[in-house]
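Thanks, everyone, for making the time.

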Amino acid sequence: MKIAVLSGKGGTGKTLVSVNLAAVADKAVYIDCDVEEPNGYLFFKPTSIDTKKVTVQMPYAKAELCNGCRKCVNFCKFNALAYIANQLIVFDKVCHSCGGCALLCPKKAIFEKEKEIAEIQKGVSGNVTVITGILKVGELSGVPVIKMLLDVQDADNELTLIDCPPGSACIVMESIQDADYCILVAEPTLFGAHNLKMVHELATLFHKPHGVVLNKCLDGQNPSEELCRQEDIKILGEIPYDEVLGLLNSKALIAVRENDKYNKLFDSLLQTVIKEAQHETVVNS
Amino acid sequence: MRIAIPMNDKNLDAEVCPSFGRAPYFLFYNSVTKESEFLDNAAAASQGGAGVRAAQVIADYGVKALIAPRCGENAEKVLSNAEVLIYQSIPGSAQENIEALLAERLHLLTEIHPGFHGKQGV
Ligand code: SF4
Ligand code: SF4
């Protein structure tokens, strides 16, 4: 079972929820898809790390073969190529590595070379297999990295928690594509409710069964909770705002491994999520 | 000398467009014949790399000077390889900017921004 954890922006407790749910399970896989700023591994401190490089193919032209016909320049719909002063220039950061230009060039002047864009680390932390994607600084598209991350662990019957990148851009869509269930983490503010709305729309668009975890709950108004009631979105649980949790978090400790109260809280949250997810699967099949 | 300016409108009295790659039009002005020509910017609607595409067009027109408020690093690379100088525009119309350039009152653009390259959501 694959469970994706998402939120409209960073810092809402997405990592807190996914890390603790993975840690409280008997056995789980945790995948950090927030490749620009992965931080789950800081909590898990995994050992026996196995590293794999993620590369993409970058085109380059051999000047002595190129006749300047510019077919490639006009073809590239990402505008990653320019032909200036009798020379083809490739803009690596704009190129999507589709390979089209190399196929198309009538002079067979375009070749491809490998370029490393990210690293995938797989390690172990107690009961949890921790998989982390780390995008190289300056690399802008994490989408191919997400694809590989989700392929590292192909055991479908294992409980897998996917810590998604914040927001609702295409990298998030890639992250939730194979998920059986989505957990939306929301803060109790107006801005939080706005962000929740965005990810709720995304989950709905992808026909993913989903529910909300209300984080940082205090007494009083919670616009995110109101939104759930209005839109009839399932509330899976609430995480109260308290100092103990904040302190554990700031020390990069995993709450369920340190504190009984949180162990119970996340354990019951996990049971709720699994029940919901199974229920949805039954209903849909 | 050929001069290019990104424009919001096909009009010499219109202001310079704040974006280079995504400007709706380009003005090409010939300082010898004083002729002007407006071109629709085909790159304006592209997914990414609008600056690269627009810079290619500017270079292909044999432009020697581009007047723009800002320029991304990819476009700058194309333009510098094509030996196009980039001048920082001043507030006002295209006409005023052309006069300022010819009177040598414009400065070369020094700040090149790293660009967004579709980072906002594509
Ligand atoms: S298509 Fe091939 S020959 Fe034509 S400009 Fe591109 S690299 Fe050169
Ligand atoms: S590989 Fe695709 S995206 Fe990259 S330059 Fe060639 S055509 Fe453009």
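Let me begin with A:Glu174, which counts as buried because its relative accessibility is 14%, under the 20% cut-off used for that term. Please keep in mind that this is a predicted model, and that what I quote is computed from it. A:Glu174 forms a salt bridge with A:Lys147, with the closest N and O atoms 3.9 Å apart. The pair links distant parts of the chain, since A:Glu174 belongs to helix H6, residues 170-176, while A:Lys147 belongs to helix H5, the two being 27 residues apart. A:Lys147, for its part, is partly exposed at 44% relative accessibility.

To step back for a moment, chain A has 285 residues, of which 53% count as buried, and it contains 11 helices and 11 strands. Its C-alpha trace spans about 70 × 45 × 40 Å along the principal axes, and among contacts with a separation of 6 or more, 74% are between residues 24 or more positions apart. There are 29 positive and 36 negative side chains, and the centres of these two sets lie 8 Å apart.

Side chains of opposite charge can pair when their charged atoms come close, and the structure holds 14 salt bridges over all chains. One of them joins A:Lys136 and A:Glu116 at 3.6 Å, N to O; here A:Lys136 sits in the loop between strand S7 and helix H5, whereas A:Glu116 is in strand S6, 20 residues apart. A:Lys136 is partly exposed at 39%, and A:Glu116 is partly exposed at 24%.

A:Arg229 is exposed at 59%, while A:Glu225 is partly exposed at 21%. Elsewhere, A:Lys9, A:Glu187 and A:Lys216 are joined into one network by salt bridges that share partners.

Beyond its neighbours within four places in sequence, the residues in contact with A:Asp163 include A:Lys14, A:Ser18, A:Asp32 and A:Asp34.

Terms used: Residues are numbered from 1 along each chain as its sequence is written. Chains are lettered from A and ligands numbered from 1 in the order in which they are written. This is a predicted model: local features need pLDDT of at least 70, side-chain atom pairs count only at pLDDT 80 or more; totals for chains, interfaces and linings use all residues. Side-chain values use heavy atoms; hydrogens and water are left out. Helices (H or I, at least four residues) and strands (E, at least two) are DSSP runs, numbered from the N terminus. Buried means under 20% relative accessible area, exposed over 50%, partly exposed in between (1.4 Å probe, protein chains only). Contact means heavy atoms within 4.5 Å. Lys and Arg count as positive and Asp and Glu as negative; His and the chain ends are not counted. The place of a charge is taken as NZ of Lys, CZ of Arg, CG of Asp or CD of Glu. A salt bridge is a side-chain nitrogen of Lys or Arg within 4 Å of a carboxyl oxygen of Asp or Glu.
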